[in-house]
Amino acid sequence: MRNRLAILTLLVSVFLAACGGGSDEDDNGGGGDSFFLTGTLQGASGSVTLALDSSAGDQQVTTSAATFNFTTPLPTGTSYSVAVLQEPSGQDCSISNGSGTIGTSTPTLVSVICNDTAAATASVSGTVNFASNTLFDSDTNDPFTPFADNSTIANAQVIDNLVTIQGFATRTPTLNSGDRFAVANDLDDYFKVELQAGQVIQMQVVDYDQFEVDGAFEGDLDLYLYDSGGNIIDGSLSTTEFELLQVPATGQYYVNVFAFRGASKYVLRLLANSQSQGISSSGIADFVPNQAIVKLSPTTLPLSVASANPTVEFMHTDNSRAILASFVDTSQLYATSMTRSAADEELAVLNPASYEKVQTLRKIKELSLTPGVEYAEPNYWRQASAIPNDQYYDLQWHYPAMNLPQAWDITTGSSNVIVAVIDTGVVLAHPELDAQLVQGFDFISDSANAQDGGGIDSNADDPGDGTSVGSSSWHGTHVAGTVAAESNNEIGMAGVAWGVRIMPIRVLGRFGGTSYDIMQGVRYSAGLQNDSGTVPNQRADILNLSLGGFGSSTAEANLYQEVYNSGVIIIAAAGNENTSQLSYPASYDGVISVSALDAQGNRAPYSNFGARIDIAAPGGNTSADLTGDGQPDGVLSALVDDSSGDRKPTLGFYQGTSMASPHVAGLAALMKSVYADLDPATFDSLLQNGSLTNDAGTAGRDNTYGFGIADALKAVQAAQALAAGGGTPELPASIVASPSTISLGASASTTLTISNQGGGQPAVASITASSNWLSATAFSTDGAGLGSYQISVNRNGLSDGFYLADLVFNFDGATSISVRVSMTVGQLSTNGSLAELFFLVYDPIAEQVIQQVQGSADGNGGINYAFTNVASGQYILYAGTDIDNDGFICNAGEGCGKYPNIGDFVYLEINGEDRANVDFVADIIAGFSSVGASNVDEGGGVSSIGIPRLPVTKQLGN
Amino acid sequence: MNRQVFSSKLENSGPWLRVGMAVFICSLVGLSGCATTSGLQVKTLYQSQQCGIKTPALRAIDSLEKLYSFSESQKRLSLDGKALEIPPPPADGRAILLAWGEQPTAGYQLLLKEAEAIPEAGVLTLPVEFIKPAPGLAAAQVVTSPCMLLSVSSRLGYSSVAAGKLQLALDIP
């Protein structure tokens, strides 16, 4: 063992010696047959990085010393080369003896010599275009930007729809030397624009309080919407970063940005309807001017608040409850230190009532921000309405969504009216329903499907459609509860028409419902002959069918027509497959098809849609709690809990078009209670002329909402009018244009269809266009002018831009339909004033701007720039606005571009050769998820950069 | 009996005794490769058509905290003020939650067909039938989300459970 160890040690020693571990006579210490490469460096003004590439290994050395060496041993026969990876800025470095093959002696020294680059400079020029549909406030704080006052309605800046605007507003002068608003304020910016119903307007208050973006400004801006008459339509007066408005109807509006406090940049976006999905504003409800409801903190005395705000008087001094406050001096503005602005003066004359409301809102906001005030709110006008006192009524958001409380002031239903719930049956003993029922029937003919021991029988009690405890839906009970649950009895929940009676008809069992069984149930409830051999003592006035499938049949279609003709109103669920595929019976003629809405009046994600949808009503979405009541946004109604083995009454939230349908059935029942002669044809007429609904979606009928969102108050009032002797309305002509608006873009023509979906004999009398570039030619029409038209535009002689016009089809009888047509000519350019664009050549090593120029418009929407004598090097080229004049471009709320694209880490190389057509695009930096139609950043925002620009001296002037 | 003696006796024992001992030992140490031929009890602790679970899932509810959390998620309003009580599994059982996900109509049902299940190759397939609405028949247009909470015997013999296309590997110490 010891002998073996000794021999091993000897071998290792020999090996190590062969690898150069021993001494040798070479200066570079390579040892043996290996050598180290060394060299000299001359003339370098800074560090040089050299790279050794050899078969024995690679290495990099960075040095500014006169000599250098590589520590990779290079055996004899190794090929090598040395290259300069990085040289000092402004120098060129060359190498001598940089390559070769290692011999048996020390390799020749590598020589690196650096010389200053020839003082070559170059010009750089190009054009920057801003992302399409971006605009600038015509009076920003940047003194170099052309100025146009937009502080009043009269001077409102006219803008196109669907634009993004960067702007600036300040309540008081900035007092910064050189600012446009150094000695004046910019309290209001007004924009005049044509808007569409449902559009959303968003504003980002870039420098809002508590958010240190760049520290230059801090402010709280509010957003208002006025109609063309100066009426305040909507207002968003938060203290947060974002404000939101929604456009209630298509028309001309003034969008007003108001500086409530401080100063801030802002980004204002006008969203298209398709971008507004899921975003909505509730608007401003009517309120009493010059009043507020205030709640003070327990330790705050009303006197202390009033003394701090002398325009406020409190009705009482009990700070344990809300107090009615009055703004007694109506001549005082919301901020007592202010005088009336030009906009105030204008609105006070144009629309005094609107002016008072706006001032009240501002005073309320000011009060709410007063220390010691927990909240301050408008004193809203509320209409008298009968609210049931059921325990869980507050969770039934779906009733106020239909204006039911207001309808209940008129009627809660008559016991003479019967609604047949054709379904799984009803748990007859449920306390919410037991007093509401008339005799029903069970038409499930298959005993296995019926699960009640037999075929058809007179017992419509629902034994459960499940296979085990906890697996039944109790669907019919829930639906019946929505129609007419016992209400106002302090327990449970309320129904739509709790005065009417329910006829429970059982047709759905464990496996569903057969067409034949359902038909028998329909026949019985309508008082027609059926397989039971009986008819009810009093037939149903309204049938509710919260059921469906995809197959249609002649037998069913004929039956529903027969029932319709007999005077019974039939309501059915549109289906839950989120499809436009037709579901039956909802899609039969004579049946009202109901789609489902969520708590915000948007189509529920599961709801079917399409050509046969007649009306929309709340159906719920239990995936959300948009109401904020702590419960899923389903429809609350009666249910059963059979977990103990017994059917115990309970309540629950369901979602589905099954839930929407009984809302409409109940609405029809309320109408019938007021107007006993209501029949299906009259119901149809009223539905189609808008008497039962609030229009939503596309104007007129559309595939999501049908003729609109059910409104029980309107419906009952319409029934009242009929009951008072008003004539049964003729089915009116219902002219529909498809599509309802036309966006041609760069196209020359398209096809438009004009049709009548109502009654009468309307005929096209004339067609007019609001601009002479727009025309309509009959393509395939009938004698009344209904059919398809070719819509054409003529761009000859039109300058580049975005154009809007209306095409109006005038019918005899003073009916007309207007179709808005938009198109573009050439390249879209920004309207209104262009902000000043600064161009910066930025040295990333020295971290400083080495050159700056201001651009000039090229007449095509782009801004040209040109640099001269740019020294060779690597740079970042920026373009940006400084609308708040704080000395930085590319802050949030400002325009910014970087060559070649923001987000690319690519330097602009200048090496003595002139560079032209260095073009790139700029966009507005904002906090929204996407900004305008920028092709700089598709789908993502751009982070605030904040590049300091060089001071520029210029005469201020408008 | 000390280990050395026990080993010696096992080496000298006949083959059937060795098999029997192997089964006994497997049972003691819970080796998943050991097959057991006796059924394991499966029973329903809770079932609902409105569980609110949007996607199909198979989960182990393996603590009281998780059971409580699930119970809370299933709480509903009531007319009698009583809260939902989901019983825990017996001491020798484990709770398995099976959810079918959101369905567009009524008629989608989970049915426990048998009271026992036999593991195979370490997998205990729950004896649950996924019942769909009968084709061609009309269905109630209510969105449902069926689920069932099952108690499964935790006796040894399986390391995962399956139901339909779902499979769940259990964390068995």
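A: In chain B, three strands make up an open sheet of mixed pairing, arranged in the order β6-β10-β11. The edges are taken by β6 (123–125) and β11 (166–169) of chain B, each of which has a single partner strand, so one side of each lacks a neighbour in the sheet. On average, neighbouring strands of this sheet are turned by 20° against each other, direction ignored. Such angles lie between axes, which are lines fitted to C-alpha atoms, for helices over the stretch in contact; angles run from 0 to 180 degrees between N-to-C directions. Strands (E, at least two residues) and helices (H or I, at least four) are DSSP runs numbered from the N terminus, and two strands pair if DSSP finds at least two bridges between them.

The model is predicted: local features need pLDDT of at least 70, side-chain atom pairs count only at pLDDT 80 or more, and totals for chains, interfaces and linings use all residues. Residues are numbered from 1 along each chain as its sequence is written, chains are lettered from A and ligands numbered from 1 in the order in which they are written, and side-chain values use heavy atoms, with hydrogens and water left out.

Within the sheet, β6(B) and β10 (residues 160–163) of chain B run parallel and are joined by three bridges. Thr125(B) has Ala162(B) of β10(B) as its bridge partner.

From the N terminus, the elements of chain B follow the order α-α-β-β-α-β-β-β-β-β-β-β-β-β. Of the 173 residues in chain B, 42% are buried; buried means under 20% relative accessible area, exposed over 50%, and partly exposed in between (1.4 Å probe, protein chains only). Among the contacts in chain B with a separation of 6 or more, 80% come from residues 24 or more positions apart, a contact being heavy atoms within 4.5 Å. The accessible surface of chain B is about 9600 Å², and 56% of this belongs to carbon and sulfur atoms.

Seven bridges pair β33(A) with β34 (residues 648–654) of chain A in the antiparallel sense. Opposite Leu639(A) stands Thr650(A) in β34(A). The hairpin of β33(A) and β34(A) has six residues between its strands, and there Gly645(A) has a positive phi near 100°.

Two helices of chain A may now be considered. Eight of the nine residues in α11(A) are buried, so this helix is largely enclosed by the rest of the structure; among them are Phe683(A), Leu686(A) and Leu687(A). Just after α11(A) comes Gly690(A), with a positive phi of about 80°.

In helix α9(A), the buried residues are Glu556(A), Leu559(A), Tyr560(A), Val563(A) and Tyr564(A). They span an arc of only 135° around the axis, which puts them on the same side of α9(A); this arc is that of the directions from the helix axis to the C-beta atoms. In general, an α-helix has 3.6 residues a turn, so residues three or four places apart point the same way. The face turned away from the buried side of α9(A) carries the exposed residues Thr554(A) and Asn565(A). Cover for the buried residues of α9(A) includes β31 (591–597) and α11 (680–688) of chain A.

Technical notes: Accessible areas come from the Shrake-Rupley method with a 1.4 Å probe; for residues, only the protein chains shown count as cover.
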